[in-house]
Amino acid sequence: MITAIVLIKTSVDRIPEIAEQIAALESVSEVFSVTGTYDLIAMVRVRQHEDLAEVIPGRISRIPGVEGTDTHVAFRTYSQHDLEAAFAIGLDN
């Protein structure tokens, strides 16, 4: 699974509506409204690298009010959830 973190600039007066449209897209697992240079951050998860082109410039960037994106592809994923699952392997509850 390939994970991309997409930083999104939007029309400020439409942030909630744009966030909902992005969150409804297949392959988008979460959308965060944030402070700072960008208005939204979307987590995109796809099976193949080529699928990123379909989701990000093909769908996200075409939503009215999206002014620009900056995409970062993850090399590895580290999370507390993954660590807990690894340590629980073989343990009986």
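A salt bridge is taken here as a side-chain nitrogen of Lys or Arg within 4 Å of a carboxyl oxygen of Asp or Glu. The model is a predicted one, and by this rule the count in it comes to two salt bridges. One of them joins the side chains of Glu-30 and Arg-45, with 3.4 Å from N to O. Because Glu-30 belongs to strand 2 (residues 28-33) and Arg-45 to strand 3 (residues 40-46), this pair ties together parts that are 15 residues apart in sequence. Glu-30 is partly exposed, at 33% relative accessibility, and Arg-45 is likewise partly exposed, with a relative accessible area of 30%. The other salt bridge brings together the side chains of Arg-59 and Glu-54, with 2.5 Å from N to O; here Arg-59 is partly exposed at a relative accessible area of 31%, and Glu-54 is partly exposed at 44%.

The protein chain holds three helices and four strands, which follow one another from the N terminus in the order β-α-β-β-α-β-α. Of its 93 residues, 28% count as buried, while the chain exposes about 6,500 Å², 54% of which is supplied by carbon and sulfur atoms. Among the contacts with a separation of 6 or more, 66% are accounted for by residues 24 or more positions apart.

The next topic is the interior. In soluble globular proteins, nonpolar side chains tend to be buried together. In this model the largest nonpolar core has 20 residues, of which Ile-8, Ile-22, Val-28, Leu-40, Val-44, Leu-52 and Ile-60 touch the most other members. The elements that contribute two or more residues to this core are strand 1, helix 1, strand 3 and helix 2 (51-55). Setting aside residues up to four places away in sequence, Val-44 touches Ile-2, Thr-3, Ala-4, Val-6, Ser-27, Val-28, Leu-52, Val-55 and Ile-60. Leu-52, which is found in helix 2, counts as buried at 8% relative accessibility. Although Leu-52 and Ile-2 are 50 residues apart along the chain, their C-alpha atoms are separated by 8.7 Å.

Which side chain of opposite charge is nearest to Asp-39, a buried residue that has no salt bridge? It is that of Lys-9, 5.4 Å away, whereas the rule for a salt bridge asks for a nitrogen within 4 Å of a carboxyl oxygen. Asp-39 sits in the loop between strand 2 and strand 3.

Conventions. Residues numbered from 1 in each chain as written. Predicted model: local features only at pLDDT ≥ 70, side-chain atom pairs only at ≥ 80, totals over all residues. Heavy atoms only, no water. Buried < 20%, exposed > 50% of the residue type's maximum accessible area, 1.4 Å probe, protein only. Contact = heavy atoms within 4.5 Å. Areas by Shrake-Rupley, 256 points an atom, 1.4 Å probe, with all protein chains shown as cover. Lys, Arg positive; Asp, Glu negative; His and termini not counted. Core = buried A, V, L, I, M, F, W, Y, C linked by side-chain atoms within 4.5 Å.
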